[in-house]
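Student: I would like to learn how to read disulfides in a protein model. Could you take me through them step by step?

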Amino acid sequence: MAPQRRAATKAAEGNGAAERRNRSSTKKDRAPWEVQRLWQRPWLRTAGLGAGVVLTALLLWSSLGAEDGVSEVLARRGEVVAGRFIEVPCSEDYDSHRRFEGCTPRKCGRGVTDVVITREEAEQIRSIAEKGLSLGGSDGGASILDLHSGALSVGKHFVNLYRYFGDKIQNIFSEEDFQLYRTEARTAHDEYWHAHVDKVTYGSFDYTSLLYLSDYLEDFGGGRFVFMEEGANKTVEPRAGRVSFFTSGSENLHRVEKVHWGTRYAITIAFSCNPDHGIEDPAFP
């Protein structure tokens, strides 16, 4: 999990907003097939055999230039969305992979909800990202922390968090942190601003979701999530505690705007119908 520098709804440059902007720029019906838990908490039980949670921390990027020509906002930062789902025709991407009846998408689309976890719970998860990313950080692109594998980006390279810091890691994370974080998911998005298809990049992905831990235009500028559609892109404005989810095929080509200022935190949670891609929960060293 990691702090990401991407944009949230930028409030008027009052005292609070100015302070936040000048702060640290350091770089997280039932889910498909009961194969994987999200966090092992009563408020977040979900299924899907794990293709991956990655907590990505994205560096501050200067200008983006022209935006994506967004013509429709699916979810604004200032609104609380109980549940919103838009169905789109499924692509043929799933046909070239093994199908699992009752799990492989037959109905495709994209959705948003703000009622899976509370903003307070999102803040708890964000604190784990802040602790972990304080130990490293990328020279560019994205900074990544994965508590499952221990992978932490430091400069242009990765180290194993547990081997590199040894016993000191217990002074950074607590068992409670690991209980909050545990899940069966794993992936790595690097240059987040390029349009891509998850199922093409990672064949095991069938469903993708993101949990936002910071607010657009308040904690960061830019960094909206954009579904790419010819002549009519759709966007989701991040909000702490908001979950965006979608089927992983070409029907949901997407990208994230470059972050102009501040830090954008998000967790990527991917689900696979194939049990061969399951991974175990991380354990406290």
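Tutor: We will go from the general idea of a disulfide to the cases in this structure. Please keep in mind that the model is predicted.

Student: What is the secondary structure of the protein, and what percentage of its 285 residues count as buried?

Tutor: The protein has five helices and 16 strands, and 56% of its 285 residues count as buried.

Student: Where in the chain do Cys-90 and Cys-108 lie?

Tutor: Cys-90 and Cys-108 are joined with a distance of 2.0 Å from S to S. Cys-90 sits in the loop between strand E3 (84-88) and strand E4 (108-113), while Cys-108 belongs to strand E4, 18 residues apart, and the pair thus links distant parts of the chain.

Student: Is this disulfide of Cys-90 and Cys-108 right-handed or left-handed, and why?

Tutor: The torsion about its S-S bond is about 105°, so the disulfide of Cys-90 and Cys-108 is right-handed. Cys-90 is partly exposed, with a relative accessible area of 31%, whereas Cys-108 is buried, at 1%.

Student: What can be said of Cys-103 and Cys-273?

Tutor: Cys-103 and Cys-273 form a disulfide with their sulfur atoms 2.0 Å apart. The torsion about the S-S bond of Cys-103 and Cys-273 is about -85°, so this disulfide is left-handed. Cys-103 lies in the loop between E3 and E4 and Cys-273 in the segment after strand E16 (265-272), 170 residues apart, and both cysteines are buried.

Terms used. Residues are numbered from 1 along each chain as its sequence is written. This is a predicted model: local features need pLDDT of at least 70, side-chain atom pairs count only at pLDDT 80 or more; totals for chains, interfaces and linings use all residues. Side-chain values use heavy atoms; hydrogens and water are left out. Helices (H or I, at least four residues) and strands (E, at least two) are DSSP runs, numbered from the N terminus. Buried means under 20% relative accessible area, exposed over 50%, partly exposed in between (1.4 Å probe, protein chains only). A disulfide is a pair of cysteine sulfur atoms within 2.5 Å.
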